[in-house]
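This report looks at how some parts of a structure meet one another. Have the sequence and the model open while reading.

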Amino acid sequence: MSGDMRLASRYLYGATIALLTIWVLVPLGLLLINTLSSPEAVNAFPKRFWPEFDLGSLRFFAGFDGMIDALFNSIWVAGLTMVLSILIGAPAGYALSRFDFPGKETFRLLVLLTRAFPLPLLALPMAIAFIRLGIDDTIFGLGLVHTMLALPFAVLITFSLFSGIPIELEEAAWTLGCTRFGAFCRVVLPLILPGITASAIFAFVISWNEVFAAAVLTIENRTLTAFLLQNLDTSPLHLKFAGGFILVVPALVFIFAVRKYLFAMWGIANR
Amino acid sequence: MTINKQLSAALSGLAFLIAASASHSQVLFWSTQAKPVEEAQAMRDQVLSGADVAVDYQPNDGGPWLTRLQAELAAGSGSIGVLGALHGDFAAMDTRDLVDLDDLGLEAKSATFNQLARLGTQKMQYIPWMQASYIMAANRKALEHLPSGADINALSYDQLIEWAANVMQATGGAKFGFPAGPKGLKHRFFQGYLYPSYTDGVVRTFASDKAVMAWEKFRELWAVTNPASTGYSFLQEQLLSEEVWIAFDHTSRLANAFNERPNDFVAFPAPAGPEGRGFMPVLAGVAIPRTASDMAAAKKVVAYMLDPETQVKTLRATNFFPVVDVNLPSDLPPAVQAAGDAVAIMSASEDANPGLLPAGLGNKGGDFNRVFVDAFERIVLNGQDIRAVLDDQKKVLSAIMEETGAPCWAPDAPSEGACPVE
Amino acid sequence: MRPHLLPWLLILPVTVFLGVFFLAPFVMVAKQAFVVDGVFSLGHFAQVASHWKFPIALKNTLLLALAVVPVQLALALLMATLVTKMRKGRDLVLYIWTIPLGISDLAAGIIWLAIFEQSGFLNSMLVALGLGETPSVLLSYQSPGMVFLAIALAEIWRATAIMLVILVAGIGLIPKEYHEAASVFGASPWQRFLRVTLPLLRPSLQTALVLRVILAFEVFAVVVALGGSLFPVLMSETYAYQFELLDSGGAAAIALVILGISVAFTLVILRILRVPKGAQA
């Protein structure tokens with residue numbers, strides 16, 4: 001490859017990354033601009049492409065009763081969803097990738113079906129059962145529903161990642177005297193940390209952004225999303241944007257906090 | 001941390017997660033109204049804070065509202081104390097699920113509203129809570145384009161169309177706005193405004209020749225309507241952004257425009273057709289589901305909502321008008337003043353032809369609305385033949401009327417038995 | 001422990017959990033679709049399918065998924081390959097690209113409407129650049145193509161990250177030696193991608209594609225925000241039956257149609273992207 005071509009492809013490479021980054025960031029930037037603008041500016045035409053740093057809309061939400069409680073409820077539910085979906089889902093993912101057993105494909109389909117049926121219809125029988133069982137309006141109850149939503153992600157992602165790890169690695173460990181469990185812990189677990197992280201991210205954002213079940217199944221223990229999001233569409237424009245922004249931030253902080261684990265074991269996989 | 005400490009911390013965390021909410025010392029007010037975040041906040045801070053029972057006001061979208069309510073009714077117990085919703089929402093419910101409220105001795109000023117609130121039974125199933133209507137609003141910039149000789153407080157549909165056409169010619173864009181979006185209240189326009197104004201009926205005249213004329217008129221209006229209207233559900237937004245200069249919508253869905261820029265907008269009555277100036281009220285009510293845990297407290301809340309002072313506070317918070325006699329203070333928000341004046345002129349106009357809310361349709365209210373929405377989408381958006389569409393939709397409407405046996409309501413002439421589609 | 005019991009033991013928790021929290025309520029809801037006045041009947045399906053909007057909603061849903069998912073797949077693959085080759089700033093770029101994951105579909109609808117509405121950012125830019133004097137109506141019944149494009153763009157923006165994260169985690173597991181070996185034999189980067197990366201990525205590709213396709217058939221909030229009443233999809237019809245017409249039998253029937261389509265597509269994808277026996281050992 002000539003030097004010129006290498007340079008050109010380097011530029012192309014950089015430009016593509018820059019372009020994709022802009023594509024992702026621009027709509028988000030517009031959300032930020034509208035969040036930090038006065039109601040007049042939000043409604044004006046042509047729109048400004050630079051915020052005027054008017055904090056009025058954000059201040060409105062700061063004075064909103066129950067925001068902090070709702071925020072913590074959301075975090076609890078999302079955390080519970082994360083833990084449960086990985087604890088329950090990962091073993092199944094491992095089983096799917098390592099064993100042949102009758103009904104395996106059916107099982108996989110069943111897991112997927114949970115995401116192929118609209119939750120708002122399932123919410124009614126669930127709510128009836130939850131009220132009868134006394135877990136209605138609890139963080140635990142909502143966490144269970146969100147776990148159901150996150151499970152297919154957890155099962156399938158861990159399945160696909162376990163499948164990517166040659167069984168020879170495990171077998172090598174067995175021959176060196178490790179038990180199946182020991183081999184799993186020492187060899188496989190570190191390798192699939194990125195997969196666990198991906199599942200965790202999904203579980204978190206699924207729970208964080210879920211409105212319908214949260215609105216039906218929590219009353220006094222509302223999540224932030226149920227508290228804010230479902231009423232935003234009828235609210236004035238400037239509050240729509242500010243409310244939307246407030247909901248986005250915690251999810252972004254979470255992804256930021258765990259992002260490096262997506263690459264954590266990079267070095268090992270690429271010895 | 002020792003293992004023991006960790007364990008006990010984990011356990012207490014779990015206990016926290018599982019613990020059902022403490023005793024319901026608050027009455028849960030489960031509502032489909034006053035949903036916008038600042039209205040909800042105003043309901044809590046300014047209206048319900050004055051009640052002598054603690055009230056937790058939670059407005060919801062129709063979907064979650066209904067699902068939660070159905071779940072509590074099916075489970076036989078629940079946390080909802082008071083329901084707030086539109087007449088249509090209550091009409092769709094089984095009246096056995098609502099507590100009879102006659103013993104409260106509360107009622108609205110309007111006998112019609114009280115009759116509606118009985119939902120076909122002998123007793124009040126809900127108490128009328130607040131009312132509104134649909135009106136027109138315009139940007140003052142549009143006023144100079146009014147057709148010559150037109151009185152903004154007594155417009156005809158022809159004049160409205162001409163006006164919107166003038167504005168379109170002057171600005172280069174269609175500036176009439178109509179709430180045809182997914183959450184828009186377009187069906188109410190057809191049921192309460194277009195049909196009464198052109199056919200002096202809604203059900204009987206659904207597929208009449210006059211109805212064909214009404215739809216032809218609407219097509220003319222649509223030609224000068226902002227085509228983005230199919231995404232509009234709250235015209236205050238488009239008035240403020242000036243995508244739209246002239247608009248039809250629910251008074252509370254226009255309110256922000258007047259409150260934010262009171263000097264830029266005018267409110268005025270809906271236009272009139274050959275059969276008069278059709279218009280329709282919006283009625284919201286409060287009710288108590290049979291599963292309410294603290295019946296006495298819930299009744300207290302209902303009574304509190306009907307208190308004249310509360311009604312004025314509610315007006316300020318939600319732009320919905322009182323249903324009982326009140327002394328209106330002079331310092332009301334601009335939206336309330338503007339809308340109040342427009343509704344007063346509309347009701348007092350010589351050619352007023354008020355329609356009632358559909359009654360007796362039970363849980364077919366949604367299907368009834370869909371007949372009109374489907375007619376709109378087929379005739380106006382898809383350009384299908386008016387006569388053919390009306391004849392087709394007529395079958396659906398007839399089936400609904402026969403199944404429910406609902407008698408005619410104004411402006412249709414009274415019927416014996418189910419209201420016939422002629 | 002007897003080894004052949006192990007897989008069953010491992011899938012037991014998921015099975016029990018989904019049985020209780022999905023299957024039980026699902027059976028109750030699905031039953032409603034097949035019962036009219038207390039007897040078994042396909043009446044709900046017939047009634048739902050005969051409504052004039054149903055074929056339109058079905059077509060819209062399928063077309064949107066067919067337009068959006070392949071683009072997302074290509075984009076996610078491109079992003080994943082680019083990001084794995086980065087030496088500096090990999091964390092940051094990957095983070096930015098995954099941001100839309102944290103944005104709910106309702107919020108995404110609000111954001112994209114602010115771009116495409118008549119007084120929105122896109123028109124502001126066009127006017128500022130002198131490409132138009134007055135803002136034109138972009139989302140209207142007169143320009144169904146534009147409405148479709150806007151919805152598709154918003155969906156691509158919002159939901160590509162789902163695939164990206166899965167693929168990135170998967171690519172990380174492909175041993176470098178394979179690439180090195182391929183280079184030694186003179187494979188171009190494109191050949192290496194085609195012959196090494198793609199086949200080894202198959203399990204992740206399968207997962208990403210299946211999950212994305214299933215979610216695509218349930219698209220709702222973004223469509224409603226941008227398409228208004230112009231672009232009915234199956235999910236919006238489900239909502240209309242359940243909450244406006246109060247017809248839970250009809251709603252369940254449409255939901256089962258969504259389910260059926262999802263199952264069909266899932267089976268096709270699973271067949272095409274079969275994970276080879278070797279990898280499972």
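How are helix 2 of chain B and helix 12 of chain B oriented to each other? The answer comes under the second heading.

## Basis of the report

This is a predicted model, in which local features need pLDDT of at least 70 and side-chain atom pairs count only at pLDDT 80 or more, while totals for chains, interfaces and linings use all residues. Residues are numbered from 1 along each chain as its sequence is written, and chains are lettered from A and ligands numbered from 1 in the order in which they are written.

Two packed helices are described by the angle between their axes and the distance between the axes. Helices here are DSSP runs (H or I, at least four residues), numbered from the N terminus. Axes are lines fitted to C-alpha atoms over the stretch in contact, with angles from 0 to 180 degrees between N-to-C directions.

The axes of helix 2 (residues 37-47) and helix 12 (residues 308-318) of chain B come within 9 Å and cross at roughly 155 degrees. The two helices of chain B are therefore roughly antiparallel (the term applies to angles over 145 degrees). Helix 2 contributes E39(B), A42(B), M43(B), Q46(B) and V47(B) to the contact, and helix 12 contributes residues including T310(B), K313(B) and R316(B). Residues are in contact if their C-beta atoms, placed from the backbone, lie within 7 Å.

This contact has four nonpolar, four polar and three charged residues. Ala, Val, Leu, Ile, Met, Phe, Trp, Tyr, Cys and Pro count as nonpolar, Asp, Glu, Lys and Arg as charged, and the others, Gly among them, as polar.

## Chain A against chain C

Helix 1 of chain A and helix 5 (residues 105-116) of chain C have axes that come within 10 Å and cross at roughly 90 degrees. These helices are therefore roughly perpendicular to each other (65 to 115 degrees). P27(A), L30(A), L31(A) and N34(A) meet I111(C), W112(C), A114(C) and I115(C).

## Domains of chain A

An automatic or database domain assignment divides chain A into domain 1 (3-57) and domain 2 (66-269). Their C-alpha centres lie 30 Å apart. Nine residues of domain 1 are in contact with eight residues of domain 2. On the side of domain 1, helix 1 gives the most, with four residues.

## Chain C against chain B

In this interface, 17 residues of chain C are in contact with 23 residues of chain B. Helix 12 (residues 234-244) of chain C gives the most to the chain C side, with three residues.

Conventions. Two residues are in contact if their C-beta atoms, placed from the backbone, lie within 7 Å. Angles under 35 degrees count as roughly parallel, over 145 as roughly antiparallel, 65 to 115 as roughly perpendicular and the rest as oblique.
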